[in-house]
Amino acid sequence: MSIPGTSANHANGQDTKPTITMSAGQMVSNQSSSIGGQQLIDFLPSLEDYTPTIPDAVTGSFLNSAGFASTDPRVVRLISLAAQKFLSDVANDALQHCKVRTSNQSSKSKSKDRTYTLTMDDLTPALAEHGITVRKPPYFV
Amino acid sequence: MLGPLKAQRKVLSAVAASTLIEAGFDSSYDTALETLVEILQSIIVEIGNSSRAYCELAGRTEPLFADVLLALVNLGLHISDLERFAKRANSIVIPAPTTSVPAKQLGILQAGVKPSHPSHIPAHLPVFPDPHAYIRTPTHKQPVTEYEAIREKSAIQKRDIERALNKFETKINDTDSLFLSPDTIFPVIACKPTFPPYLVALLPKDQVFELEDDDSSKSPQRKKGKDCIKEEDDNAKADVDSIDNPYLRPVKLPPPKIKIKDLMTPS
């Protein structure tokens, strides 16, 4: 199933962080040059007994559909973690949008126990920050 | 039974929902959740695709940790926060989907005996299917062509028609009773008296004189309607059948005329 109007262009140079500049050669030979990389290398053994939220089987299956076949479960777990981290960032941004929107909208009826509902109005700007454009589908079938 | 992709997407939607709950949301619209699932799926596939591309660029077949890191960096994901994210407090773990056990194949019911191959078919070819798959069997009863049975049937039919007609007549016309008390069990069709009772006998009308002849010519016509196939045979056998048919009365010859002469002449 695909959502019309959802275009995920991750590979389009969304790297806005200027500090991370590395190549594969640097990664393998000169790991100490990048702080994030070094941290991750240290983190790698702890992935051995870490269970990400996404089951390994599901991630592995989607990776296989991309032609990625790894026998190392740590690599799969790292990808699960990264994907979920991305999703979590999006969700946090959407929550901020939701809070701002509802506080602007209904300032008079300010109740303490307010429930937050994720809507496309919140999700669209949050995704736009990550470079994903979500257009409203022209019609629903 | 869910397809594999559908089951995987179900797990992904559980993951997306748990992520939303961790973030502090209480509920979500279907559209938004579906969008998140779509993004989650596409980001996993994209990381895999990109990692594979880097790994193949380096001349390897199996992706290493470094390839994945490079792919993550190229996608613009912040890898420095990953460890902190992994060690967060309230992480929800989705149980791995259970592998479905394929249903046990039921034993195929053997029907009939499979014939062996004819000589011109090599032995390595598959055996014949069950005979019921290709043997044609008539599903209707063969029509009865026996003359006696047909005649019996026709007699029964004729009797039924007469009986029904009688019953109908007693229903719509007046009835007489055979007994003194009025009864409905044995009704008799009332005779309608005409005023001069002898009038019918006097009035001329088209009369079929040769009653016997007419009867015999009618019977094959009725048979023609019933079964056309037997028509030829019946016409041919008409004479023979009138003799050896048990349902036809034998011809009653009139009693030999008593010659008055003989009576007159005293013996």
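Guide: Phe179(B) lies in the loop between β2 (175-177) and β3 (187-189) of chain B; helices (H or I, at least four residues) and strands (E, at least two) are DSSP runs, numbered from the N terminus. This is a predicted model, in which local features need pLDDT of at least 70 and side-chain atom pairs count only at pLDDT 80 or more, while totals for chains, interfaces and linings use all residues. Residues are numbered from 1 along each chain as its sequence is written, and side-chain values use heavy atoms, without hydrogens and water.

Visitor: Is Phe179(B) buried, partly exposed or exposed?

Guide: Buried means under 20% relative accessible area, exposed over 50%, and partly exposed in between (1.4 Å probe, protein chains only). Phe179(B) has a relative accessible area of 47% and is partly exposed.

Visitor: How is the size of an interface read?

Guide: It is often given as the accessible area lost when the parts come together. Buried area is that loss (1.4 Å probe), summed over both parts. Chain A and chain B bury about 6200 Å² between them, 76% of it on carbon and sulfur atoms. Of the area that chain A buries against chain B, Phe62(A), Leu87(A) and Leu118(A) supply 12%, more than any other three residues.

Visitor: How many residues of each chain are in contact?

Guide: Contact means heavy atoms within 4.5 Å. By this rule, 71 residues of chain A are in contact with 65 residues of chain B.

Visitor: How many salt bridges does the rule find across the interface of chain A and chain B?

Guide: A salt bridge is a side-chain nitrogen of Lys or Arg within 4 Å of a carboxyl oxygen of Asp or Glu. Across this interface the rule finds zero. On the side of chain A that touches chain B, α4(A) gives the most, with 17 residues.

How values were computed. Chains lettered and ligands numbered in written order. Buried area = accessible area lost by both parts, 1.4 Å probe.
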